[in-house]
Amino acid sequence: MSAIPSVDLQDFVSDNPERKEKFIKEIGSAFENIGFVALSGHFLSDDLVKNLYDEIKKFFDLPQDVKDDYEIEGIGGQRGYTSFGKEHAKGKKEGDLKEFWHFGQYVHDNPKLEAEYPDNVIVKELPAFNAVGKETYQMLEKTAKYVLRALAIHLDLEETYFDDYIKNGNSILRPIHYPPITSEPKNAVRAAAHGDINLITLLMGAHGRGLQVMNHEGEWVDAIARPDQLMINVGDMLSRLTNNKLKSTIHQVVNPPKELWGTSRYSIPFFMHPISEMPLNCLDNCVDDAHPKQFEDITAGSFLHERLIDLGLIKA
């Protein structure tokens, strides 16, 4: 497969059974074959998207010492600011050429999880920043819920199989700034080749060249969405759960050609995580003689902890 398929979420949420079935078939096929899809018909309004970009650009334009005040020690970068070059891909020593912010879950009716998750960090210099981040987070979470419902049907599960696992899940909204490149990078790219940790990722800002996906033939394919689309991909948790029936695809963000080094790039992934207790044991209906079980049993929380160590965000 050499191109990223496109789907429309409004097909799934319509009252038309044929449109719903069409969406399930299309996204299931895309996630089995390349692990990525471009999705329109989501729950983000144009105004919300514009407001979010305005706010995150204001934040990343703040003086470095102001941003550094929002880098919180001891929480593995799970909330607030992470400075340039601190995160690296699994197996790489060179830090990625990016800085980013994390918005986390807004817990409802669950004191245990309120105590477990770090608090969101309030940016006092930008009064609208946190409100816009929260609304975007919740609209992306709503979009992801319906995508996972379609995937549950594709996997012959109850449509609401994922609902209780993702309610108050440990999801992260990550506005990323890739600053202008000022000198020849030594073995570093904006985001080195990696797979995502979570169930699915919903990416805003894949409108220009840069994001590349590796297909089954080992070729890098440009992944470019329309301005009204989100790029959605399978993460390692969903790949484990489905015994690799749904593919977590390796992807990267490459450096721009030299004439564009002076430009910033912004992208905003939403990493849909379940609650920590969710078992990622391979589903029985994804294991048979032709597809033996590939992964050990593990919970989502334990798997996340292992991967944050791999990424250099927490110490072993």
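In this predicted model, helix H2 (residues 17-33) and helix H6 (residues 129-154) approach each other so that their axes come within 9 Å and cross at roughly 85°. Because angles of 65 to 115 degrees count as roughly perpendicular, H2 is roughly perpendicular to H6. On the side of H2, the contact is made by Lys-20, Phe-23, Ile-24, Ile-27, Gly-28, Ser-29, Phe-31 and Glu-32, while H6 contributes Val-147, Ala-150, Leu-151, Ile-153 and His-154.

Aromatic rings are a second topic, and the count of aromatic pairs comes to 15. One of them joins Phe-12 and Phe-23, whose ring centres are 5.7 Å apart and whose planes stand at 45°, so the pair is tilted. Since Phe-12 lies in helix H1 (residues 9-13) and Phe-23 in helix H2, this pair ties together parts that are 11 residues apart in sequence. Phe-12 and Phe-23 are both buried.

Another aromatic pair, also tilted, is formed by Phe-59 and Phe-129. Here Phe-59 belongs to helix H3 (residues 46-60) and Phe-129 to helix H6, so the pair ties together parts that are 70 residues apart in sequence. Phe-59 and Phe-129 are likewise buried. The values for the two pairs are set out below.

| Pair | Centre to centre | Angle between planes |
|---|---|---|
| Phe-12 and Phe-23 | 5.7 Å | 45° |
| Phe-59 and Phe-129 | 5.5 Å | 35° |

Phe-59 and Phe-129 also belong to a cluster linked by ring pairs, together with Phe-60, Tyr-70, Tyr-81, Trp-101 and Phe-103.

Lys-20, which takes part in the contact of H2 with H6, has its charged end over the ring of Phe-12, 4.9 Å from the ring centre. Phe-12 is thus paired with Phe-23 and also has the charged end of Lys-20 over its ring. In a further case, the charged end of Arg-174 sits over the ring of Phe-100, at 3.8 Å from its centre.

For the chain as a whole, the secondary structure comes to 9 helices and 13 strands. The chain has 316 residues, of which 53% count as buried. Among its contacts between residues at least 6 apart in sequence, 78% join residues at least 24 apart.

Definitions and conventions:
Residues numbered from 1 in each chain as written. Predicted model: local features only at pLDDT ≥ 70, side-chain atom pairs only at ≥ 80, totals over all residues. Heavy atoms only, no water. Axes fitted to C-alpha atoms, helices over the stretch in contact; angles between N-to-C directions. Helix = DSSP H or I, 4+ residues; strand = E, 2+ residues; numbered from the N terminus. Parallel < 35°, antiparallel > 145°, perpendicular 65-115°, else oblique. Contact = heavy atoms within 4.5 Å. Phe/Tyr/Trp six-rings, centres within 6.5 Å; stacked < 30°, edge-to-face > 60°. Buried < 20%, exposed > 50% of the residue type's maximum accessible area, 1.4 Å probe, protein only. Lys NZ or Arg CZ within 6 Å of the ring centre and 35° of its normal.
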